[in-house]
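How do helices pack against one another? Take a look at the structure below, then work through the briefing.

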Amino acid sequence: MPTSALFSPYSVRAVTMRNRLWVAPMCQYSVQNHDGVPTDWHLVHLGGFAKGGAGLIISEATAVSAEGRISPEDTGIYTDEQRDAWARIVKFLHSQGAVAGIQLAHAGRKASTWRPWAAERGSVPASEGGWPAVAPSAVAFTGYAVPTELDRAGIDSVVADFAAATRRSIDAGFDVLELHAAHGYLLHQFLSPLSNLRTDEYGGSLENRARLLLEVIAAVRAEAGEDAALFVRFSATDWAEGGWDQEQTAAVADLARDAGADFFDISTGGLVSGTQIPVAPGYQVPFAEFVKHASSVEVSAVGLITEARQAEEIISSGKADAVMLARGIMRDPQFPLRAAHELGIELDYWPAQYLRAQWPN
Ligand SMILES: Cc1cc2nc3c(=O)[nH]c(=O)nc-3n(C[C@H](O)[C@H](O)[C@H](O)COP(=O)(O)O)c2cc1C
């Protein structure tokens, strides 16, 4: 019987994933009435991955406050109604044997934008349900409105919003909380010297730029208790001169672990528009490998991982501890079941209803 690193279980604190093939967060921009409440679309979208055998499914970037939404159609976890709608989805994910994660997010200067398939581009005006964005500094992302610089009280409320969102996430049943510190959103804006021009204790040195993230981690850990797993998603490079890079990522990952984070999801980019990115199969894996070995943390890799053997090799060779899939698993929600077959692994978690479709018949 062949063995597989990809299909071996993985535990973080009290949480055990049945395999290391996980679903990356994917915004659906599909809330109705701009109320942040996940809908049946989210249940079917996320639920499909659970019946397809994924070990962990991380919800889309879910806003910790109304002003932290990327678009008016984003989900949130800042009201009890949102919490209760998430609880229904979590219950289904659990019923299929998957671990449920939520990506907690604040979009900062990239808030209040049109969803990708809208005819318009850039910031949504107030007349269409938009709102003013906040950021570490009054520096706009290309094509978006200039944000307001957060003052000290504003920073404190961001930390409090992450803590309140954590309470609701735990109450909704989520096992894994992932902080979105990547892709040019608020926490990443504080980390990168290209978007953080502050001269107070939240800007300047690496320690100062990491301060907000570390305060959020401490607040989230305090609210989450000791059992929940806390992930941080980083962009390990801005792909831009003078920006955030893999060395800073590795250094802050160590500080983040000391502050209460457990695991690091390594992506890249999103802070600066129009950068040249050498996109190719597995192109971000070397960043995950770098962070894993330059610090003493465990990591997942993401980005154009689309084949079973490719995913298996990333883990068996020690480049990363898990892989996350986004577009590939949207195309094929049963990717894990198919990957196991390709690797010659027998799984005992085919849904009973689907057993007659099991390979090799
Ligand atoms: C439709 C879509 C929505 C996404 N939304 C998010 C998100 O909410 N949070 C996030 O961190 N990344 C988001 N991403 C990025 C993915 O998580 C992933 O890192 C990226 O797509 C690369 O993986 P892939 O090559 O397997 O698609 C999104 C990607 C797609 C395609």
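## Helix packing in brief

In α7, the residues Gln 246, Glu 247, Thr 249, Ala 250 and Ala 253 meet Pro 286, Phe 287, Phe 290, Val 291 and Ala 294 of α8. Sorted by class, this contact of α7 with α8 has seven nonpolar, two polar and one charged residue. Keep in mind that the model is predicted. Two packed helices are described by the distance between their axes and the angle between them.

**α7 and α8: the geometry**

- Helix α8 covers residues 285-294.
- The axes of α7 and α8 come within 9 Å.
- These axes cross at roughly 45°.
- α7 and α8 are therefore oblique to each other.
- The crossing of α7 and α8 is right-handed.

**α6 and α7: the geometry**

- Helix α6 spans residues 211-224, and helix α7 spans residues 246-259.
- Their axes come within 9 Å and cross at roughly 25°.
- Angles under 35 degrees count as roughly parallel, so α6 is roughly parallel to α7.
- α6 passes α7 in a right-handed crossing.

**α6 and α7: the residues**

- Which residues of α6 meet α7? They are Leu 213, Leu 214, Ile 217 and Ala 218.
- On the α7 side, the partners are Val 252, Leu 255, Ala 256 and Ala 259.
- By class, the contact of α6 with α7 has eight nonpolar residues, no polar ones and no charged ones.

Methods: Residues numbered from 1 in each chain as written. Predicted model: local features only at pLDDT ≥ 70, side-chain atom pairs only at ≥ 80, totals over all residues. Heavy atoms only, no water. Axes fitted to C-alpha atoms, helices over the stretch in contact; angles between N-to-C directions. Helix = DSSP H or I, 4+ residues; strand = E, 2+ residues; numbered from the N terminus. Parallel < 35°, antiparallel > 145°, perpendicular 65-115°, else oblique. Left-handed = near helix turned anticlockwise from the far one by under 90°. Contact = heavy atoms within 4.5 Å. Nonpolar A, V, L, I, M, F, W, Y, C, P; charged D, E, K, R; others polar.
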